[in-house]
Amino acid sequence: PSWHNRGSPGARRAPSSPGRAPQRSERSRQPSRLARLMLCGRDADEVFAYQTPKIVILKDRKLGFIAIALKFLIFCYIFLWMILYKGKHLAVEDINGVSRLSIRNPTEDMCDPFEVGCMANYTHFDKLAYCAESPKPYVEGGTGIKRPCQIWDSVEVHLPVDDGLLLPTRIRRYDQVRACEPSQENNWSCDPAPYAYLSADGSRQTVQGEAVPKYDAFIADIERFTVLIDHNFKRHGGMTEDDQDMNGHYYECPNGDATVTDCNARAIPCAHADCPAGSVKPATEGSGEETFLTLRGRRKFSTALRLEALAFGNVGAAASGEASAPGASSYPHVAAGILRDPSGRAVALPKGDVFTVGSLLQLANADLDAKGRFATTFRARGLVLVVHIQYENRPSGSFLGLAVTPWRAPRPFYTYRVSTRESADYRQTKTFNDPADTRRTIRIYSGIRVVVEQSGSIALWDTAFFLITMTTALGLMAVANTLTDFVLMYFLPQSEEYKKRKFHTSKDFNPEDADTQRAPARPATRKEAGDHFLEAVESQDGEAIADALPVLLEVCGKKDS
């Protein structure tokens, strides 16, 4: 071997012993001050040290099974039930809706009464039991009060009121004459009343009590008038939908107090060219097949809710939305055919949904010829009919969290529910005379006040709301560890052993003065020596470990090698 040092020509070094590495100089063993990165006199590794919790691993399958089972149950509840199935992570916003009501009198094939040649289609008076012209008994053995009937058209029947429409069923007319003119002779007053009622012959009525009207009549065939409901909504956040672009349904309930699960939901057949996908189409002539379309976008509404559709088309065509729509000129004819059917309550047209007044009353379980708890019929005194429209896009009974994503969402749909409100009498009084006239005619209308209410909420994806929900859900996963710790400390046979592994008690860092003056006792037993050695290891104090190890070996009967 060459003793020549290549790094220093001419230099020699002593040969090293076989199998022994060359000795490094004392300077080479000391770290270079330049090799260290110092910050404010401290090692950068200390300044930027990473802190992490210390985990104790308890090798016990019972505890592992308990922790895994609890986490699995929490996972199923949060992610499968609350998020995927119920969609609680979605942003649900209420809607604002507007609506318009219009009325039309009975016509042949629902033609427009403002078109020349459109034929009216009223029922003859002799077939209407409430008309005085009919020989039929009226109300429970003929105890009802009949009145002469009058035929009104859509112009006369249309009486706007606050938040709705008044459909008169009874009209009373009174003729009045001004009874006095305030002057100096009567001390600028009018006693007993400014107007006096006139009899049919033109004389003033003098009999005390309720005034006798010039005529008191029922409006004939009001149940066969049709009501068009045109409505739409806007969701907070920008979504706007019109009834023409949504599938509609209505509830048939056994009574006004029934819950939704006790009601039958029927789809409204669409009779125009721009029907939304999945709508029920009217049957083509001679098809004879029935269409059954589930509520809420071809999904089940609930297991308790029986889903039925009107029998007006082909099953496959209705589900796919590919059935041929009738031409524009045939809309009224098709709609008339649907509403003439005993089960046909409504039909969707380009301008809105059409119901007959009788259908609305049936959906509300109301009858104009019933008395209820009053002495007179609803036809004579009137009632309030509330048409509630509920908008949604959340099909119940399905995984809503999978249906609503950042890329797509279920189409909104709406459902009608019709009900009545308690009202002893609903009427409106009007006059069309100039207040300066000496005579005037007043009319008192009693009838059906139709009010439309709109409500609902639409669920859409919101990333910020999703992250908040997920953060909250992940925090609940820590509950599994808390419950497992509680079980291992108090309910298992080896609880004391688990506590020793889980908790570490340090030495007393604040001993009393008497303790500081007295030297600590030397461990005498194996347990004391072991605890003393573990305390030194946990403290990470090298000197303490060096002192405790000989004591441990001595107590254990081992020699220091």
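**Cysteines and spans**

Tutor: To begin, this is a predicted model, and in it Cys-253 and Cys-263 are joined by a disulfide with an S to S distance of 2.1 Å.

Student: Is the disulfide of Cys-253 and Cys-263 right-handed or left-handed?
Tutor: The thing to look at is the torsion about the S-S bond. For Cys-253 and Cys-263 this torsion is about 110°, so the disulfide is right-handed.

Student: Where in the chain do Cys-253 and Cys-263 sit?
Tutor: The pair links distant parts of the chain, with the two cysteines ten residues apart. Strand β11 covers 247–252 and β12 covers 264–267. Cys-253 and Cys-263 are each placed in the loop between β11 and β12.

Student: How many disulfides does the model have?
Tutor: The rule asks for a pair of cysteine sulfur atoms within 2.5 Å. Among the pairs is Cys-111 with Cys-118, at 1.9 Å from S to S. By this rule the count comes to four.

Student: Is the link of Cys-131 and Cys-149 left-handed or right-handed?
Tutor: The sulfur atoms of Cys-131 and Cys-149 are 1.9 Å apart, and the two form a disulfide. With a torsion of -95° about the S-S bond, their link is left-handed.

Student: Which element holds Cys-149?
Tutor: This pair, too, links distant parts of the chain, 18 residues apart. Cys-131 and Cys-149 are both buried. Cys-131 is in the loop between β3 (91–104) and β4 (149–150), while Cys-149 is in strand β4.

Student: Which residues is Cys-275 in contact with, apart from its neighbours within four places in sequence?
Tutor: Cys-275 lies in the loop between β12 and α5 (295–298). At 14% relative accessibility, Cys-275 counts as buried. The C-alpha atom of Cys-275 is separated by 8.2 Å from that of Met-246, 29 residues away along the chain. Contact takes heavy atoms within 4.5 Å, and the partners of Cys-275 are Cys-270 and Lys-281.

Student: How far apart are the end C-alpha atoms of residues 464–492?
Tutor: An unreviewed UniProt entry annotates residues 63–84 and 464–492 as "transmembrane region". In the model, residues 63–84 are 100% helix and 0% strand, with end C-alpha atoms 29 Å apart. Residues 464–492 are 90% helix and 0% strand, and their end C-alpha atoms lie at a separation of 43 Å.

Student: What is the accessible area of the nonpolar patch with Leu-476?
Tutor: Leu-476 is in helix α11 (residues 463–476). At 40% relative accessibility, Leu-476 counts as partly exposed. On the surface, Leu-476, Val-479 and Leu-483 form a nonpolar patch, and their accessible area together is about 220 Å².

Methods: Residues are numbered from 1 along each chain as its sequence is written. This is a predicted model: local features need pLDDT of at least 70, side-chain atom pairs count only at pLDDT 80 or more; totals for chains, interfaces and linings use all residues. Side-chain values use heavy atoms; hydrogens and water are left out. UniProt positions are given in the numbering used here, feature names are shortened, and annotations may be inferred rather than shown by experiment. Helices (H or I, at least four residues) and strands (E, at least two) are DSSP runs, numbered from the N terminus. Buried means under 20% relative accessible area, exposed over 50%, partly exposed in between (1.4 Å probe, protein chains only). Patches are made of residues with over 30% relative accessible area and no salt bridge: like charges are joined within 9 Å, nonpolar side chains (Val, Leu, Ile, Met, Phe, Trp, Tyr) within 5 Å. Accessible areas come from the Shrake-Rupley method with a 1.4 Å probe; for residues, only the protein chains shown count as cover. A salt bridge is a side-chain nitrogen of Lys or Arg within 4 Å of a carboxyl oxygen of Asp or Glu.
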